[in-house]
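Take a look at the model below. We will go through its charged pairs, its nonpolar cores and its aromatic rings.

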Amino acid sequence: MTTMTCSKTLSISNHRVFASDLNEHETVFGGETLKRIDDNSSIAASRIARIGTVTASIDQVNFILPFKINDSMCTESYVSSVGGRSIEVFTKIIGEHLKSGKRFLGLTCFSTFVVTDKNIVLPRIHPDTSEAEFVCAGYEKRQDQRLKKLLEQEKFNKNISLNFPWQ
């Protein structure tokens with residue numbers, strides 16, 4: 001079985017915050033941030049799979065500090081673990097106040113992707129930085145939590161009406 005380092009899956013993108021990105025609180029609109037997470041993390045997932053992947057979930061999004069006008073948002077994503085057909089990607093967004101140069105942790109998130117080919121054998125992931133070692137070490141606990149949530153969601157879904165609301 002092949003192995004790949006977290007760094008080989010790293011995807012980085014930068015964005016300057018403009019007025020069009022802001023919500024009524026004059027901070028970046030959450031939906032805009034989620035789009036950036038999905039875009040960037042899908043590249044990391046593709047770098048390990050090299051075939052089609054789809055987003056299964058965006059888990060544990062932690063909005064830590066807001067991004068404001070004239071900040072930059074540096075989005076970094078890398079694969080933090082793989083399962084049989086699943087790929088866990090860790091994303092962080094580092095903000096920078098461009099006038100002062102002060103940097104801050106704005107967001108962390110885990111996303112799960114699945115490969116579209118059921119016969120693929122994914123490479124194992126190997127952490128190659130101290131951050132990646134820390135992040136990857138928590139995979140089994142996060143995976144257990146995701147599986148419990150998935151079972152709960154399946155039960156929940158059975159009780160959701162598909163009827164037209166106006167009937």
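With which residue does Asp59 form a salt bridge, and how far apart are the closest N and O atoms? The partner is Arg146, and the closest N and O atoms are 3.5 Å apart. A salt bridge here is a side-chain nitrogen of Lys or Arg within 4 Å of a carboxyl oxygen of Asp or Glu. The pair links distant parts of the chain: Asp59 sits in strand 3 (residues 53-63) and Arg146 in helix 3 (residues 139-157), 87 residues apart. Helices (H or I, at least four residues) and strands (E, at least two) are DSSP runs, numbered from the N terminus.

A word on the source. This is a predicted model, where local features need pLDDT of at least 70, side-chain atom pairs count only at pLDDT 80 or more, and totals for chains, interfaces and linings use all residues. Residues are numbered from 1 along each chain as its sequence is written, and side-chain values use heavy atoms, with hydrogens and water left out.

Is Asp59 buried or exposed? Asp59 counts as buried, because its relative accessibility is 16%. Buried means under 20% relative accessible area, exposed over 50%, and partly exposed in between (1.4 Å probe, protein chains only). Arg146 is buried too, with a relative accessible area of 14%.

Arg146 has another partner. Glu88 forms a salt bridge with Arg146, the closest N and O atoms lying 2.7 Å apart. Glu88 lies in strand 5 and Arg146 in helix 3, so this pair ties together parts that are 58 residues apart in sequence. Both Glu88 and Arg146 are buried. Salt bridges join Asp59, Glu88, Arg142 and Arg146 in a network.

How many salt bridges does the whole structure hold? A search finds 8. One more of them joins the side chains of Lys92 and Glu76, at 3.9 Å from N to O. Lys92 lies in strand 5 (residues 86-97) and Glu76 in strand 4 (residues 71-82), so the pair ties together parts 16 residues apart in sequence. Lys92 counts as buried at 14% relative accessibility. Glu76 counts as buried at 19%.

Now turn to the nonpolar side chains. In soluble globular proteins, such side chains tend to be buried together. A nonpolar core is a set of buried Ala, Val, Leu, Ile, Met, Phe, Trp, Tyr and Cys residues joined through side-chain atoms within 4.5 Å. The largest one has 20 residues, and Val79, Ile87 and Val89 have the most contacts inside it. Helix 1, strand 4, strand 5, strand 6 (103-115) and helix 2 (130-137) each give two or more residues to this core. Helix 1 supplies the largest share, 4 residues.

Leaving out residues up to four places away in sequence, Val89 touches residues including Ser41, Ala44, Val79, Cys109 and Phe113; contact means heavy atoms within 4.5 Å. A second, separate core of 9 residues includes Val28, Phe67, Ile93 and Leu107.

Ile37 is found in helix 1 (residues 30-49). Ile37 counts as buried, because its relative accessibility is 0%. Beyond its neighbours within four places in sequence, its contacts are Val61, Thr91, Ile93, Leu107, Cys109 and Ser111.

The structure holds 4 aromatic pairs. Rings of Phe, Tyr and Trp (its six-membered ring) pair if their centres lie within 6.5 Å; planes under 30 degrees apart count as stacked, over 60 as edge-to-face and the rest as tilted. Ring pairs link Tyr78, Phe90 and Phe110 into a cluster.
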